[in-house]
Amino acid sequence: MTREHPNWAGLTEDEQQPWQTLESRTLVDGFRTVQEDRVQVRPGVETTYQYRPRGPRAVFVLPVTVGGEAVLIRQYRYPLRATITEVVAGGVERGEALLEAAARELKEEVGGVAAEWVALPGFYPQPSISGVVFYGLLALGVELGEAQNEETETIERLTLPLAEAYRRLEAGEIEDGPSSLVLWHARRHLTERGLL
């Protein structure tokens, strides 16, 4: 595995917090916890904040085959009531290393196994309402096999030339924000290797 991206270590809470939590309660417990806090922004100014607390992590992987093709997915997303184009992605399970999660998701969603991994910058996808952290990775030399989708997933594998994947990105046809950002961060590495 490649080393972690340098920015991964900095995706942490600040030592000094400018807002003070006065009261906290859990609105939704479980996998996607939702918290409601009453906070003091500064003396005399209070507000109520609903959010997903820091802690959940996910990996977003751009797989590139031995032949230099991008492997994307078309996935039905129930909240949107639409099927959209994305990179391979999924949550990091408790106690699981980021690369283990990325390799598992690559295998499950597109049946892929990577020869090489490149860490891309991590990021916060919705910092105004969520403490989740996303970690981008580029999977190179991917050999494709049989996907192992979960029963609750509706996923179609989409293998296309890298140039076409980036044409779709530039045309706004990759509607998923995190996928678009991972593609953007991967471009330099693909260009330096002569793949794009």
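Helix 1 (98–110) is the top contributor to the lining of the largest pocket, giving 4 residues. Helices here are DSSP runs of H or I with at least four residues, strands are E runs of at least two, and both are numbered from the N terminus. Keep in mind that this is a predicted model: local features need pLDDT of at least 70, side-chain atom pairs count only at pLDDT 80 or more, and totals for chains, interfaces and linings use all residues. Residues are numbered from 1 along each chain as its sequence is written, and side-chain values use heavy atoms, with hydrogens and water left out.

**Largest pocket**

- The largest pocket holds about 1700 Å³ of space; a pocket is an open set of points on a 1 Å grid over the protein atoms alone, where a 1.4 Å probe fits and protein lies on both sides within 12 Å along at least five of seven lines.
- That volume is the space filled by probe spheres set on the points, with grid points joined across faces, edges and corners.
- Its lining has 42 residues, and Phe31, Arg32, Arg52, Arg77 and Gly91 sit closest to the centre; a lining residue has an atom within 4 Å of a point.
- Two or more lining residues come from each of strand 4, strand 5 (69–77), strand 6 (82–86), strand 7 (88–91) and helix 1.
- By type, the lining splits into 17 nonpolar, 10 polar and 15 charged residues. Nonpolar covers Ala, Val, Leu, Ile, Met, Phe, Trp, Tyr, Cys and Pro, charged covers Asp, Glu, Lys and Arg, and the others, Gly among them, are polar.
- Gly91 belongs to strand 7 and counts as partly exposed because its relative accessibility is 36%; the scale is buried under 20%, exposed over 50% and partly exposed in between, with a 1.4 Å probe and protein chains only.

**Second largest pocket**

- This one holds about 760 Å³ of space.
- Its lining has 21 residues, with Gln17, Trp19, Tyr49, Tyr51 and Pro127 nearest the centre.
- Strand 2 (34–42) and strand 3 (45–51) are the elements that give two or more residues to that lining.

**Aromatic rings**

- There are 5 aromatic pairs, counted when ring centres of Phe, Tyr or Trp (its six-membered ring) lie within 6.5 Å; planes under 30 degrees apart are stacked, over 60 edge-to-face and the rest tilted.
- One of them is the tilted pair of Phe60 and Phe134, at 4.5 Å centre to centre and 40° between the planes.
- Phe60 is in strand 4 (residues 57–65) and Phe134 in strand 10 (residues 133–144), so this pair ties together parts 74 residues apart in sequence.
- Phe60 and Phe134 are both buried.

**Arg81 and its neighbour**

- Arg81 sits in the loop between strand 5 and strand 6, and at 52% relative accessibility it counts as exposed.
- Its phi is near 55°, a positive value in a residue other than glycine.
- The charged end of Arg81 lies over the ring of Tyr78, 3.8 Å from the ring's centre (the rule wants NZ of Lys or CZ of Arg within 6 Å of the ring centre and within 35 degrees of the ring normal).

**Helix 1 up close**

- With 13 residues, helix 1 reaches 18 Å from first C-alpha to last, close to the 18 Å expected at 1.5 Å a residue; the expected span is 1.5 Å times one less than the number of residues.
- Its buried residues include Leu98, Arg104, Glu105 and Val110.
- Just after helix 1, Gly111 has a positive phi of about 70°.
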